[in-house]
Amino acid sequence: MPRMAHMLLWSLLPWLAASAQAKLPLLFMDKEDILDGWGRMLAQANSAQAVESMKPPPCTWANGDTVFGAFEVLDSPGLFEVFVGIGRPGEPLLTETENPAEIQNKLLGVNVTRYTTRDFVTWSKPVVVLVLPSGVGTFPIVGDGAVWTPKSIDRDDSTGQYLLAASYGTGVHMFTAVRPTTKDSFQPTTGDIRTRNFEDHDDVNIYFDPIRKHWVDIQITYQARD
């Protein structure tokens, strides 16, 4: 190969390598990424302040009520919908002792309830859009996996389709609905609530990518211990 061609090739190699690496997405982190911290890292606690002029959805806030999703209602500017996971004891705040009502909740399961509001003061009547009964599935129950946990929810604004992720045992379950305004709107994407979509850690974070027109799961996965 002529000397000039050699020189051109060597000058291009770093650019080609950098270009190839830039196109590869960072899907996982390993120990080398976390053991030797580098770059600008600043730990800072952010305080939360109550907005006294607003009121939360009219839940009992005694048996485990967690707001995990909120959207502006499609085709209804100024109207907001809020989704609350109800029936998971100890959330959002832990209690020193477990009362009989909480124990009963573990037996009954969890439900996802939808409220709407325009001013975050006056709320609509509740609509139970998904029921997650305890005791379904044959997979292992690990720790607090004995109770369903609604994890995340997002929406495709162009179609009105919602996707809701929930965890039970070691299984991740997906439920879908189009404009979920009525009772039991959400249905399992597997066709059977007892059938999980996949097995993994309960940290499943769903969002819809409107540019690429597909769903994305930012998942914390199980790792083998060494």
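Guide: Gladly; let us start at a turn. Strands β6 and β7 form a hairpin with 2 residues between them, and Gly-169 in that turn has a positive phi of about 65 degrees. Strands here are DSSP runs of E with at least two residues, numbered from the N terminus, and two strands pair if DSSP finds at least two bridges between them.

A word on the source. This is a predicted model, in which local features need pLDDT of at least 70 and side-chain atom pairs count only at pLDDT 80 or more, while totals for chains, interfaces and linings use all residues. Residues are numbered from 1 along each chain as its sequence is written, and side-chain values use heavy atoms, with hydrogens and water left out. The predictor's confidence in each residue, pLDDT, runs from 0 to 100; its mean for the protein chain is 78, and 66% of the residues reach 70 or more. Over residues 1-13 pLDDT stays under 50, and the model has 1 contact there beyond four places in sequence, a contact being heavy atoms within 4.5 Å.

The Thr-170 side chain makes a polar contact with the side chain of Glu-199 at 3.2 Å. Such a contact is a pair of N or O atoms within 3.5 Å; within protein, one must be able to donate a hydrogen and the other to accept it, and residues adjacent in sequence count only if both atoms are side-chain atoms.

On one side, β6 pairs in the antiparallel sense with β7 (residues 171-178) over 8 bridges, with Leu-164 and Phe-175 as bridge partners. β6 also pairs with β5 (residues 149-156), again antiparallel, over 7 bridges. The β5-β6 hairpin has 4 residues between its strands, and Gly-160 in its turn has a positive phi of about 80 degrees.

Ser-152 stands opposite Ala-165. With 0% relative accessibility, Ala-165 counts as buried. Beyond four places in sequence, Ala-165 touches several residues, including Ser-152, His-173, Met-174, Val-204 and Ile-206. Lys-151 is 14 residues from Ala-165 in sequence, yet the two C-alpha atoms are 5.6 Å apart in space.

In soluble globular proteins, nonpolar side chains tend to be buried together. The largest nonpolar core here has 19 residues, and those with the most contacts inside it are Phe-83, Trp-148, Ile-153, Leu-164, Phe-175 and Phe-186. β1 (65-72), β3 (110-117), β4 (127-132), β6 and β7 each supply at least two of its residues, and β6 gives the most, with 4. A nonpolar core is a set of buried Ala, Val, Leu, Ile, Met, Phe, Trp, Tyr and Cys residues joined through side-chain atoms within 4.5 Å. Phe-175 shows these surroundings well: beyond four places in sequence, the residues it touches include Leu-130, Leu-132, Trp-148, Leu-164, Phe-186 and Ile-193.

Conventions. Buried < 20%, exposed > 50% of the residue type's maximum accessible area, 1.4 Å probe, protein only.
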